[in-house]
Amino acid sequence: MRVKAPRTLVMFPKDHEIVVYNYLTRDAITCAPADIYWLTIAPEWTPVEELLARHPHIEPQSLRQEIIRLVEAGILLQEDSASARTEAIYQQSWELGIAAAVFHFSLLDNDYGDHSESVKKQKQRALGDPSPDLLWKNLNGSTPLPGQPRPAASQLFDIMRRRRTIRNVRPEALTLEDLGECLFAGLGVTSFVRTETGVLPLKMTPSGGARNPFEAFVWARNVDGLTPGLYHYSALQHSLEKTAAPPAASPMELVKGQEWANAMPAIIFLVAVLGRTTWKYSDPNAYRVVLIEAGHIAQNIMLACASSNLTACPTAALSHAQISAMLALKDITETPVYALLVGKPGENLDTLISPDKAPRLA
Ligand SMILES: Cc1cc2nc3c(=O)[nH]c(=O)nc-3n(C[C@H](O)[C@H](O)[C@H](O)COP(=O)(O)O)c2cc1C
């Protein structure tokens, strides 16, 4: 057996020990500072026998056991294992550096707990630590602004005002027009620009370097004119291509157990193709740029939905591995970031209060 230390370890002190964290696999162990030595013994694939021979002063059996312990803890890699293959892919394809990698891989597939747990936690926290102000006030004299948009802008403002996350939907099909419009609003190509480095697509949403890293996939569950299944949206062709039958998983499973998802007739998954952006930018801020763009795209989709009296509910609580497998994403740099669940809104169950009646916030 050959072993090697992964290049995806970060370490930090905790009490009098060191936490060694493999951000790619999210394995962590706590060890004594002296044990860090064992992470330096095999920077490249090295036979265990050779490691034993290099440490004649240590009893071979106990050293072998220590190496196996580190392999089992995910802190040493075993050649030809699944973790070793993932690490090799990471080495080849991740261009955004360690800081973005720690963030990216650590947030995949996290659990968030259910709504009632979250409410309970917030209430508990509020007892000793009230929420920060959600709106800041100007306290030192300010210039009042005219409140209403000018008439030419009012249609846009009406739509923006109508946008709401309404998780309660009617059991009705979407039309193909509805779906087409919201995909076009988020990702459709409106023109191209010739630059020194090539021709770049332009859309209704801005994109860092016009690299346009997002692709959209749709799980059409109840859309007139589409057989239920998974589709890829081509922004270039403004068309949907069926890529797979409906997944075995329920919508709720794909969005971390949020039950309301099961009633939605269509789910749009926004998938970042990080390589498009990192081809030009390879600093960690490029990762932030990509996430910001998901917000732009989603907002346009939500506004297009609002203008057609639909709701598009955003969620970043995703079962990343399951979605990636379902969409047959080929590389760890093709990653689901955001989902919009589209439907015809039923009653809005949120308790809405007009601004003038919300004294604590206004
Ligand atoms: C990045 C992001 C992630 C969100 N994730 C969830 C989610 O996982 N589940 C959910 O029910 N709502 C989610 N929402 C919706 C918010 O709860 C919602 O926008 C907020 O309550 C305000 O309501 P509004 O959208 O009607 O203005 C998310 C919103 C954003 C912007």
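User: What does Gln-258 do with a nitrogen atom of the ligand?
Analyst: A polar side-chain atom of Gln-258 sits 2.6 Å from that nitrogen. I call that a polar contact, meaning a pair of N or O atoms within 3.5 Å. Keep in mind that this is a predicted model, where local features need pLDDT of at least 70, side-chain atom pairs count only at pLDDT 80 or more, and totals for chains, interfaces and linings use all residues. Residues are numbered from 1 along each chain as its sequence is written, and side-chain values use heavy atoms, with hydrogens and water left out.

User: How far is an oxygen atom of the ligand from the side chains of Arg-164 and Arg-167?
Analyst: For Arg-164, a ligand oxygen is 2.6 Å from a side-chain N or O atom. For Arg-167, the distance is 2.5 Å.

User: Which other residues surround the ligand?
Analyst: Among them are Arg-163, Thr-165, Trp-260, Pro-314 and Tyr-338, where near means a heavy atom within 4 Å.

User: Switching topic: where are the domains?
Analyst: Domain 1 covers 2–93 and domain 2 covers 153–343, with bounds from an automatic or database domain assignment. Their centres, taken over C-alpha atoms, are 39 Å apart.

Note on methods: A polar contact is a pair of N or O atoms within 3.5 Å; within protein, one must be able to donate a hydrogen and the other to accept it, and residues adjacent in sequence count only if both atoms are side-chain atoms.
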